[in-house]
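User: I am new to this structure. Please take me through its cavities and its aromatic rings.

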Amino acid sequence: MPLLKIHHKTVYRYTRPVAFGEHCIMLRPRDGHDLRVLRSELVIDPQPMALRWIHDVFGNSVAIATFDERADALTFVATATVEHNPTDPFALTPDDAAYFYPFLYDDEEFPDLQQFITPQYGDPNGELSAWARRFLDVEPPTPTFKILSGMTHGIREGFRYRRRHEHGTQHPLDTLQTRSGTCRDYALLMIEALRRLGIAARFVSGYLAMPSSGAHGYVGGGSTHAWVQVYLPNAGWIEFDPTNGIVGSHDLIRVAVARDPRQAIPLHGVYLGPADAFLRMDVDINVVTLGEDAARETA
């Protein structure tokens, strides 16, 4: 069973000592059948006055820190050791109702999935809907996996990865029109396109287990990453990474799931001081495979 260690360090630097408001930290990996957290630690400097852990509305683990002293730097170091067992990418057979599209969700599941089926962003001229329909066969039905895989690889091959320094995630129409964006932008585009087909999809924030210079040539190594989960009857939530063309949870370390990217920000908060006091933010992330000796020590 692959054992991985994640080290995530973020430092906010200021030109002078400032006060700090509440900070929310969403960096602890999310346990599941394919991912088990063996050890997790969060160190903050200066030490917060109070630190409490909660589960948000989606069941994500969130730390909330409050402070009572000033400093010219604020450091967060999150480390975790996880056991990662990637799941099969697609478990449906032709006998399953969702094997072909269109399909219907069960009446008992639909009320809980509705928030993930309803589009959240405008599409006044139907561009997103038209783009989503490009992945359907001319004559229905279309194999569902063909749609999901086609959209995943279509973004991977047809869009240009572009790092942005602006905060937040751009509108999916901007991503579609410019054919460029970050992993969060790609994930949101795919989610909104699938929702317009009536397929339940949600946003996932986490890490790549392989660096960008690795054998797979992935994009996003050394930083937080984002991708998509799609819900299919009898298969559950399945991972799709349009940035790297990954289907299934191979090389993906899940931290948080959400209806919208704004609900899964890894780290955010405020400082109290002059607007020009903020100097920069430094982020260092490393995901490494542990050897057998380390595995026995952790166990």
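This is a predicted model: local features need pLDDT of at least 70, side-chain atom pairs count only at pLDDT 80 or more; totals for chains, interfaces and linings use all residues.

User: What is the volume of the largest cavity?

Analyst: The whole structure holds two cavities of 30 Å³ or more. A volume here is the space filled by probe spheres set on the grid points, which are joined across faces, edges and corners. The second largest cavity has about 30 Å³. For the largest cavity, the volume is about 110 Å³.

User: Which residues lie nearest the centre of the largest cavity?

Analyst: Strands S1 (3–25), S2 (35–45) and S5 (71–84) each supply at least two residues of its lining. The lining has 14 residues in total, and those nearest the centre are Leu27, Arg28, Ser40, Glu41 and Ala78.

User: How many aromatic pairs does a search of the whole structure find?

Analyst: Rings of Phe, Tyr and Trp (its six-membered ring) pair if their centres lie within 6.5 Å; planes under 30 degrees apart count as stacked, over 60 as edge-to-face and the rest as tilted. By that rule, the count is 16.

User: Is Tyr186 buried or exposed?

Analyst: Tyr186 forms an edge-to-face pair with Tyr161, 6.3 Å centre to centre and 75° between the planes. The partners are 25 residues apart, with Tyr161 in strand S8 and Tyr186 in helix H5 (a DSSP run of H or I, at least four residues). Buried means under 20% relative accessible area, exposed over 50% and partly exposed in between, with a 1.4 Å probe and protein chains only. Tyr161 is partly exposed at 23%, whereas Tyr186, at 2%, is buried.

User: Over which ring does the charged end of Arg202 sit, 3.9 Å from its centre?

Analyst: A charge sits over a ring if NZ of Lys or CZ of Arg is within 6 Å of the ring centre and within 35 degrees of the ring normal. Arg202 sits over Phe116 at 6.0 Å. At 3.9 Å, the ring is that of Trp237.

Key:
Residues are numbered from 1 along each chain as its sequence is written. Side-chain values use heavy atoms; hydrogens and water are left out. On a 1 Å grid over the protein atoms alone, a cavity is a set of points where a 1.4 Å probe fits but cannot get out, and a pocket is an open set with protein on both sides within 12 Å along at least five of seven lines; lining residues have an atom within 4 Å of a point.
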